[in-house]
Amino acid sequence: MAVRSWWGWGWADQALDAHELEQLADRVRAFLPLDGEITRVPAVPELRAPRLKPPSSVECRADDEARASHSYGKAYRDVIRCLNQDLASPPDLVVYPADADEVQRAMAWAAERGAAVIPYGGGSSVVGGVEYRGADRPVVVLDLSKLDEVLEIDEVSLAVRTQAGIFGPALEHRLRPKGLTLRHFPQSFEFSTVGGWLATRAGGHFATGYTHIDDLVESMSVLTPTGMAHTARVPASGAGPEPNRLWLGSEGALGVITEAWLRVQQRPVHKEGVAIAFETFGQAVTATRLIAQSGLNPANCRLLDPLEAMLGAGALDGGSRLILGFESADHPVSAQLKRAIEICRGQGGVASDAEKWRGTFLRGPYLRDGLARLGVVVETFETACTWSNFESLHTAVLEAVAPGFVTCRFTHVYPDGPAPYFTVYATAPRGGEVAVWDELKAHASQALLANGGTITHHHAVGRDHVPWYHPPGPFTEALRAVKRTLDPQGILNPGVLGLG
Ligand SMILES: Cc1cc2nc3c(=O)[nH]c(=O)nc-3n(C[C@H](O)[C@H](O)[C@H](O)COP(=O)(O)OP(=O)(O)OC[C@H]3O[C@@H](n4cnc5c(N)ncnc54)[C@H](O)[C@@H]3O)c2cc1C
């Protein structure tokens, strides 16, 4: 049986082996100096003794392996801390509730003991979303992976009612025999859950149209410390502020999402795509903007800058690549593709080799963990800005993270602006990786905000983005008041969204 990695991404046996690490090191040496060491994957370290005695009423684990693997999310910062055996504040207990009643009981049990409760889906957070940063109170992780049932499929209205702890592949597996799909595929799809997507406002990898999970949710059931909340299952409503918006992006700080109705679609059968080569990044950006504003709505419209095109799609000509794809369950898509190619030609684009990026995209997280073992610091961050701000934002980010080695791609595009995704590679002395990462993060975040970007397009706020999140004024005051009302003892995920 496949086993999840306790320290890094995905399946333990999919991590890069010694030969793959050597090959990766040879490729990296062309860009960055390496010290030649390969960090060994350590065994689970011995953790400090748990401060709580497990309750008998709910399934729990208090062993070191369960606590270590639930200590952090899956950002580079988390992986490197595991590799360096830095697990100073592990949770005291991992609880596995099997239904909403057990979630309620576990929350009440933890509240009586003054413990913090961290709702945990797949644990793929990249912003410190599942890690309590303090030693002042015991910590209970509420692992929701047993809430994994599909409860109902409405084939007439095209919607599915599902428990929140279900992982992406299991949900698609249940929809496939009906010819349906949620069509929400974040890169972390295999190891993240519906509840996590809703709680972080995740973005799938389709470039236009429905991208955020926000667009796919009809209704939600959320268990707060003061009671259960249900939103109405309707296709749309103009009745006052939108209730789902209270829970979307609430990051486990206001309640535990136990189930949801999500909009599904017929599985696409018509699919066509092409990669377009551009000599300059500027030409490629203009072509991408014109397509985003054309109403063609490509399923994929992923722009790769020259370095990203080389590393991610094997393009060696120094140019940029636009990966274009169209899909439909209903009608052929050749006409849309043809028109998009015409738009690209108008900006000097030329149809090129078949895309290779998908394989790299899926293998990417394992490669990142391999880079961490070679001593490379890797930071990925993403934003969204208007088209008119993009050029200055791009320049500012490159300057802010220098001398780091930076690539940029667009993961999503909108008529009024792109969602640029940056990857920075740098070196750090062994043991000093977290400090270098923190510095890169701070410089990059300041550059984003100073140039009209958001601190995140789809990675959530968690704890890492708090300094760049809170808009001063009434919104923050109202959010804090909501937290006090729903969670008066402050037990739920203290610290995320800057809510103590
Ligand atoms: C390699 C990699 C690739 C990624 N790619 C993408 C991507 O393409 N798009 C994207 O949007 N994100 C991406 N992410 C980030 C991450 O996968 C998303 O934030 C995802 O939505 C988290 O889901 P999860 O189930 O793993 O939640 P977790 O990481 O377990 O939790 C995330 C947050 O949600 C809260 N939470 C989880 N479940 C619940 C619940 N049922 N009720 C209330 N709160 C809950 C937690 O308390 C925490 O604050 C990526 C991460 C990695 C490591």
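Predicted model: local features only at pLDDT ≥ 70, side-chain atom pairs only at ≥ 80, totals over all residues.
Two strands count as paired here if DSSP finds at least two bridges between them.

**Stop 1: the seven-stranded sheet.** Select strands S12 to S18. These 7 strands make an open sheet, ordered S15-S12-S14-S13-S17-S18-S16, with antiparallel pairing. At the edges you'll find S15 (350-351) and S16 (376-382), each of which pairs on one side only. Zoom in on S16 and its partner S18 (residues 417-427): the two run antiparallel and share 7 bridges. Show the side chain of Phe381 and look across to S18, where Phe422 stands opposite.

Stop 2: How are the two rings of Trp387 and Phe410 arranged? Their centres are 5.9 Å apart and their planes meet at 65°; edge-to-face means over 60 degrees, so this pair is edge-to-face. Across the whole structure, a search turns up 12 aromatic pairs.

**Stop 3: the annotated domain.** Next, select residues 87-267, which an unreviewed UniProt entry annotates as "domain: FAD-binding PCMH-type". Over this stretch the chain is 18% helix and 26% strand, and its end C-alpha atoms lie 43 Å apart.

**Stop 4: the five-stranded sheet.** Colour S5, S6, S8, S9 and S10. They form an open sheet in the order S5-S6-S10-S8-S9, again with antiparallel pairing. S5 (150-154) and S9 (227-230) each have a single partner strand, so one side of each is left without a neighbour in the sheet. On average, neighbouring strands in this sheet are turned by 10° against each other, ignoring direction. Go to S6 (residues 159-163) and S10 (residues 256-263), which are antiparallel and joined by 5 bridges. Click Val160, and you'll find its bridge partner in S10 is Leu262. Then bring in helix H4 (residues 100-112), lying across S8 (217-224), S9 and S10 at about 40° to S8.

**Stop 5: rings and arginines.** Arg183 lies over the face of Phe206, 3.8 Å from the ring centre. Finish at Trp261, where Arg233 lies over the ring face at 3.7 Å from the centre.

How values were computed:
Residues numbered from 1 in each chain as written. Heavy atoms only, no water. UniProt positions renumbered as here; feature names shortened; annotations may be inferred. Helix = DSSP H or I, 4+ residues; strand = E, 2+ residues; numbered from the N terminus. Phe/Tyr/Trp six-rings, centres within 6.5 Å; stacked < 30°, edge-to-face > 60°. Lys NZ or Arg CZ within 6 Å of the ring centre and 35° of its normal. Axes fitted to C-alpha atoms, helices over the stretch in contact; angles between N-to-C directions. Contact = heavy atoms within 4.5 Å.
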